[in-house]
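Trainee: Let's go through this model together. I'll ask, you answer.

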Amino acid sequence: MQKITPYQLSRLISRLDRLAPDEPLPAFTESRPVGAAFRLGVTGPLGAGKSSLINEIVRQWRKRNLTVGVIAIDPSSPFTGGALLGDRVRMGDSAGDEGVFIRSLATRGQAGGLAAVAVDAADLIDQAGFDRIVIETVGVGQVEVDIVGACDLTVVVLEPSSGDMIQTMKAGLMEIADLFVVNKKDLRGFERYITDLDAALDMREWKRRPGVLATLARTGEGIAEMVGWMEEWRKTAIGEGRLEVRRIDQRRERIRRATEALAVRRLWEAIPAEALDDAARQGGSVRRAAKEIVDQFAVRETALEGIVDC
Ligand SMILES: Nc1nc2c(ncn2[C@@H]2O[C@H](COP(=O)(O)OP(=O)(O)OP(=O)(O)O)[C@@H](O)[C@H]2O)c(=O)[nH]1
Ligand SMILES: [Mg+2]
């Protein structure tokens, strides 16, 4: 099979943004297997050190000869591509490392669709043959939960500052985190923060309690341990069949959402604009008007299609 070049990959990802729900990607991508890459989702509050951490993780993976694709959602801090040579190979020079592919996606203009685009982009990177994929998203909202929840392993990065732990709990990240990384080990209050986090985790019943690790991304301290932890987690999750189950659940959810997007699009194609105008002019119950439109156009159309097909 012909290799997908970084240039092609980049173009394909740009195209994802503009695709209608029922438009397929080019056939050569659709026929490639997906699922060989291990996907890491990284999220957490603004400035916690996610990008710094990812740079170090990429560096570690490259040391192990693993190729890495990085997707950054609206990055405010740049990626160095985890350049192995550290100071000698500075930012931007990852272009010289074929084993690292970095792509950012802007959040503008994709309301609701961003999660799908990000995860589809991960599929493409996977199909292009990368061993590891990292998706970084900023913040702790529903979109973040959707994106990192579609990864194999979810890491929530925190820093010992007040407030963000409570925010994290509220946002539902507690439920989806496989690993909490408390970064900025050098800051005051760090020990206390870890203790509080552990206590908060202990208050819940877990099928599998998330891990808690400490890092100092600025110097790279703790990152080798973190990567070791993740690789171990991956092996166990594959061995126990847990990863497979998780992936099937995620795929079901993606298909459900894609189906919904497509159905809505088809629905509007079936409803003539006049139908809305007429209903609006008539006044009366909005709910009843909606039901009548759906009954008249959507349901009937599908039913007729079914009959014709027989
Ligand atoms: N003191 C300290 N600062 C750190 C550490 N790691 C990262 N930083 C700093 O924290 C700031 C934010 O780091 P980033 O890696 O950009 O954090 P981020 O979470 O990706 O930020 P956003 O993508 O903007 O949310 C930068 O100024 C880093 O230099 C650390 O271990 N200790
Ligand atoms: Mg960042």
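Trainee: What share of the contacts with a separation of 6 or more comes from residues 24 or more positions apart?

Mentor: Keep in mind that this is a predicted model. The chain holds twelve helices and seven strands. Among its contacts with a separation of 6 or more, the share from residues 24 or more positions apart is 73%.

Trainee: What percentage of the residues count as buried?

Mentor: A residue needs 20 or more other C-beta atoms within 10 Å of its own to be buried. The chain has 310 residues, and the buried share is 33%.

Trainee: How are α1 and α4 oriented to each other, roughly parallel or roughly antiparallel?

Mentor: Helix α1 spans residues 6-18 and helix α4 residues 114-127. Their axes come within 10 Å and cross at roughly 155 degrees. Angles over 145 count as roughly antiparallel. Therefore α1 and α4 are roughly antiparallel.

Trainee: Which residues of α4 meet α1, and how many residues of that contact are charged?

Mentor: From α1 come L9, L12, I13, L16 and D17. They meet V117, D120, A121, L124 and I125 in α4. By class, eight residues are nonpolar, none is polar, and the charged ones number two.

Trainee: Which term describes α3 relative to α9, roughly parallel or roughly perpendicular?

Mentor: Helix α3 (residues 50-63) packs on helix α9 (residues 223-239) with the axes 9 Å apart. The angle is about 65 degrees. That makes α3, relative to α9, roughly perpendicular.

Trainee: Which residues of α9 make the contact with α3?

Mentor: The crossing of α3 past α9 is right-handed. On the α3 side, the contact uses E56, I57, Q60 and W61. On the α9 side, the residues are I223, A224 and V227.

Key
Residues are numbered from 1 along each chain as its sequence is written. Chains are lettered from A and ligands numbered from 1 in the order in which they are written. This is a predicted model: local features need pLDDT of at least 70, side-chain atom pairs count only at pLDDT 80 or more; totals for chains, interfaces and linings use all residues. Axes are lines fitted to C-alpha atoms, for helices over the stretch in contact, and angles run from 0 to 180 degrees between N-to-C directions. Helices (H or I, at least four residues) and strands (E, at least two) are DSSP runs, numbered from the N terminus. Angles under 35 degrees count as roughly parallel, over 145 as roughly antiparallel, 65 to 115 as roughly perpendicular and the rest as oblique. A crossing is left-handed if the near helix is turned anticlockwise from the far one by less than a right angle, and right-handed if clockwise. Two residues are in contact if their C-beta atoms, placed from the backbone, lie within 7 Å. A residue is buried if 20 or more other C-beta atoms lie within 10 Å of its own, exposed if 12 or fewer, and partly exposed in between; C-beta atoms are placed from the backbone. Ala, Val, Leu, Ile, Met, Phe, Trp, Tyr, Cys and Pro count as nonpolar, Asp, Glu, Lys and Arg as charged, and the others, Gly among them, as polar.
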